[in-house]
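Subject: The structure we talked about

Hi there,

Here is the structure I promised to pass on to you. Have a look at it first, and then read on for my notes.

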Amino acid sequence: MSDLKIAILGAGVIGLTTGLELQKEIKNANISIIADKFFKDTTSYVAAGVFRPGTSFCGPTDDITKKWITDSYYYWDDLRLTAHAANAGVTQVSGYIFSSTSPSITRNHYIEKLVPIYRAATEEELQLCPGDWKYGSFYTTVLTECGLYLPWAMMQFTKSGGKLIDYKLESFGDLSSEYDLIINCTGLGAKYLCNDHKVAPIRGQVFKVKAPWVKTFFYADYDTYIIPGFSSVTLGGCRQYDSYNLNIDKYDSLSIKERCEAFLPSLKGAEVVAERVGLRPHRDPVRIEKEIVNVNGKRLKIVHNYGHGGYGVTVAPGTSIYAVKLAKELLMGNSKL
Ligand SMILES: Cc1cc2nc3c(=O)[nH]c(=O)nc-3n(C[C@H](O)[C@H](O)[C@H](O)COP(=O)(O)OP(=O)(O)OC[C@H]3O[C@@H](n4cnc5c(N)ncnc54)[C@H](O)[C@@H]3O)c2cc1C
């Protein structure tokens, strides 16, 4: 019996995590990842990688969304406890979220009972950083640095027989009809590939600085964040809806620097290692569903897995597990399975 042939479109955190999950779940498949951008050219590479779903993040139902988040947290936390953690870029981090405007900003109903610590900041803690901080929370979570995770995941994938193909699809019709199934993890690219107008970019810009003395993450009002990673600290940021600008914007740079240095004055003079821009692939709800399309007179089975917005690293495992479950349902009855 010949092997199943499956193509995953996209080599960001979603495509690669889906690839690893698929290899775990379907042993006799011949799996390729097809993408036109890898590693440093993906949006995933720009992410700070903190496990922190936005409170408005949503899948098709509340229960499914919660399952994605719960599965994801345990996946990352289990990986953190293995010998792979350092190479995969997974670690535990703790920090604060402060607000001078609203207590609700400092709460997160998705993770308050999931992560090991999530509590209100004390009066003393609200004084830790300059600013009129009225509300705050302290919590412990996981962080996945894509600068390490993406190459690690690519290596695991190819070591287990997966193939990486550098190719830009103009349409699903570009794919040879030999594939039994496609999993579409193209992020913002799905806007064009699927003609999906619900997908929109939310532009972000960050600095990466050398500040090894910063060990705690901080989120504050107006998209200000300081997040220590493995080799640098990420300073952000901004969220610009429907902006396609991939260039560094000097006004965003000035604003980010001013906000972060006012919040943590020890950052003044920290060496800048890089400035990066990424377009978060936003869709409400995230699209993870089955579809069978007619391509060149043949039925092509597709599972879509895109539109994770600002939370793709957070929920990559849970959404990949769900996408692979849908893939198995689509393949049910296939004699090669
Ligand atoms: C500044 C910033 C900070 C962030 N911080 C966090 C964070 O702390 N935590 C968190 O969870 N998330 C964070 N995110 C969000 C996260 O980066 C995204 O949700 C995630 O990267 C989306 O992953 P993806 O694999 O869907 O997309 P991408 O990484 O963009 O990958 C898409 C892939 O699809 C391929 N592709 C697209 N179209 C085609 C085509 N037609 N043919 C072939 N290949 C195609 C591309 O080549 C690429 O390989 C942040 C994002 C930004 C910009």
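Let me start with the helices. This is a predicted model, and in it the axes of helix α2 (residues 62-80) and helix α7 come within 7 Å, crossing at roughly 110°. An angle from 65 to 115 degrees counts as roughly perpendicular, so that is the word for how α2 and α7 lie to each other. Their crossing is right-handed.

Sorted by class, the contact of α2 with α7 has 11 nonpolar, four polar and one charged residues.

Helix α7 (residues 312-331) also meets helix α1 (residues 13-25): here the axes come within 8 Å and cross at roughly 45°. That angle makes α1 oblique to α7. The crossing of α1 and α7 is right-handed.

From α1, the contact takes in Val13, Ile14, Thr17, Thr18, Glu21, Leu22 and Glu25. They meet Gly312, Val313, Ala316, Pro317, Thr319, Ser320, Ile321, Val324 and Lys328 of α7. By class, the contact of α1 with α7 has eight nonpolar, five polar and three charged residues.

How many of the residues in β8 are buried? Strand β8 (residues 200-210) is mostly covered, with 10 of its 11 residues buried.

- With strand β13 (residues 271-295), β8 runs antiparallel, and 11 bridges join the two. Val206 stands opposite Arg276 in β13.
- With strand β11 (residues 233-236), β8 is again antiparallel, joined by four bridges. The bridge partner of Val209 in β11 is Val233.
- With strand β12 (residues 240-241), two bridges make an antiparallel pairing. Here Ile202 has Tyr241 of β12 as its bridge partner.

Strand β3 (residues 90-99) is mostly covered too: seven of its 10 residues are buried. Which way do β3 and β5 run relative to each other, parallel or antiparallel? They run antiparallel, and 10 bridges join β3 to strand β5 (residues 135-144). To locate this pairing, look for Thr91, which stands opposite Leu143 in β5. The pairing of β3 with strand β9 (residues 217-220) is in the parallel sense, over three bridges. There, Gly95 stands opposite Phe217 in β9.

Last come a few backbone details. Most residues other than glycine have a negative phi, and most peptide bonds are trans. With that in mind, these places deserve a look:

- The peptide bond from Gly236 to Gly237 is cis, with omega near 0°. Gly237 belongs to the loop between β11 and β12, and both of those strands pair with β8.
- Asp284 and Pro285 are also joined by a cis peptide bond, with omega about 0°. Pro285 sits in strand β13, the strand that 11 bridges join to β8.
- Asn195 has a positive phi, near 50°, in a residue other than glycine. You can find Asn195 in the loop between α5 (190-193) and β8. Why does Asn195 count as exposed? Its relative accessibility is 54%, and exposed means over 50%.
- Asp223 has a positive phi as well, near 55°. Its place is the loop between β9 and β10 (224-228). With a relative accessibility of 31%, Asp223 counts as partly exposed, because that value falls between the 20% limit for buried and the 50% limit for exposed.

I look forward to hearing what you make of it all.

Best wishes

Note on methods. Residues are numbered from 1 along each chain as its sequence is written. This is a predicted model: local features need pLDDT of at least 70, side-chain atom pairs count only at pLDDT 80 or more; totals for chains, interfaces and linings use all residues. Side-chain values use heavy atoms; hydrogens and water are left out. Buried means under 20% relative accessible area, exposed over 50%, partly exposed in between (1.4 Å probe, protein chains only). Two strands pair if DSSP finds at least two bridges between them. Axes are lines fitted to C-alpha atoms, for helices over the stretch in contact, and angles run from 0 to 180 degrees between N-to-C directions. Angles under 35 degrees count as roughly parallel, over 145 as roughly antiparallel, 65 to 115 as roughly perpendicular and the rest as oblique. A crossing is left-handed if the near helix is turned anticlockwise from the far one by less than a right angle, and right-handed if clockwise. Contact means heavy atoms within 4.5 Å. Ala, Val, Leu, Ile, Met, Phe, Trp, Tyr, Cys and Pro count as nonpolar, Asp, Glu, Lys and Arg as charged, and the others, Gly among them, as polar.
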